[in-house]
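Work through the exercises below with the sequence and the structure in view. Each task is followed by its solution.

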Amino acid sequence: MHYTGPIYRHPLEADTPIVEISYGCSWNKCNFCNMYKVKFGASPEEHIVEDLEELSSYYPKTLSRIIVANGDPLALSTKRLLKVSELIQKYFPEINTISCQSSIRNLIHKSQDEIDQLAEAKYNDIYIGLESGLPPVLKQMNKGDTQEQEYETLKKLKNAGIRYIALLMGGVGGYDYSNEHVIETAKLLNTYPPKMVSIITTGIVSGTKLDEMAKNGEFK
């Protein structure tokens, strides 16, 4: 298998096979994150084919679920994503779910028609790192998207019938935005209910921008 750097997946996907179609993060500027050390790139098609051939030697043709990694595959063009789906279904014709992680940034630039095509191509369980629904928190964490874009993107997914899992950061509002963070995030989730809400506690990782912000009092 061709894996570039650490591979991340949600605990729910512990038994789901993974094929890498991209590596690194196309943004890699969130103030709390130090996950991706390699420059973003797309896996060569021949690597994807080789990996699918290897997986097909371990998993039955009746496999129904697979993950495309790493953390940012939907940054790839819709055309390329559709080709990946075609390759996956060649080796596993009964696939009905291609799971992946994404950010709002990667989806906001895709049209409703493109999102519909991805849904048809089985990209229908997407883990989205929303973190918060509050504008000043999104800005403070340098998420690279806005509250308006969160609503717009989740509307597209709903229209296409794509399920999403909301990845949130408890406590990311800090002292200044604690209550507002909870209220605005809840409003977002109530407007576009996810398949599941997955919350992690905000941790301040040494060496990140958030670590620096906490030390100088900018984040309390």
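**Exercise 1: the sheet**

Find the order of the strands in the open sheet and the way they pair.

Solution. The open sheet has 6 strands, ordered β1-β4-β5-β6-β7-β8, with parallel pairing. Strands are DSSP runs of E with at least two residues, helices runs of H or I with at least four, both numbered from the N terminus; two strands pair if DSSP finds at least two bridges between them. β1 and β8 (196-201) are at the edges with a single partner strand each, so one side of each has no neighbour in the sheet. On average, neighbouring strands are turned by 25° against each other, direction ignored.

This is a predicted model, in which local features need pLDDT of at least 70 and side-chain atom pairs 80 or more, while totals for chains, interfaces and linings use all residues. Residues are numbered from 1 along each chain as its sequence is written, and side-chain values use heavy atoms, without hydrogens and water.

**Exercise 2: helix α1**

Decide which residues of α1 are buried, and where they lie on the helix.

Solution. I48, D51, L52 and L55 are buried (under 20% relative accessible area, with exposed over 50% and partly exposed in between; 1.4 Å probe, protein chains only). Seen down the axis of α1, the buried residues fall within an arc of 100° (taken from the directions from the helix axis to the C-beta atoms), so they line one face. Their cover includes β1 (18-20), β4 (65-69) and α2 (78-91).

Terms used:
Contact = heavy atoms within 4.5 Å. Axes fitted to C-alpha atoms, helices over the stretch in contact; angles between N-to-C directions.
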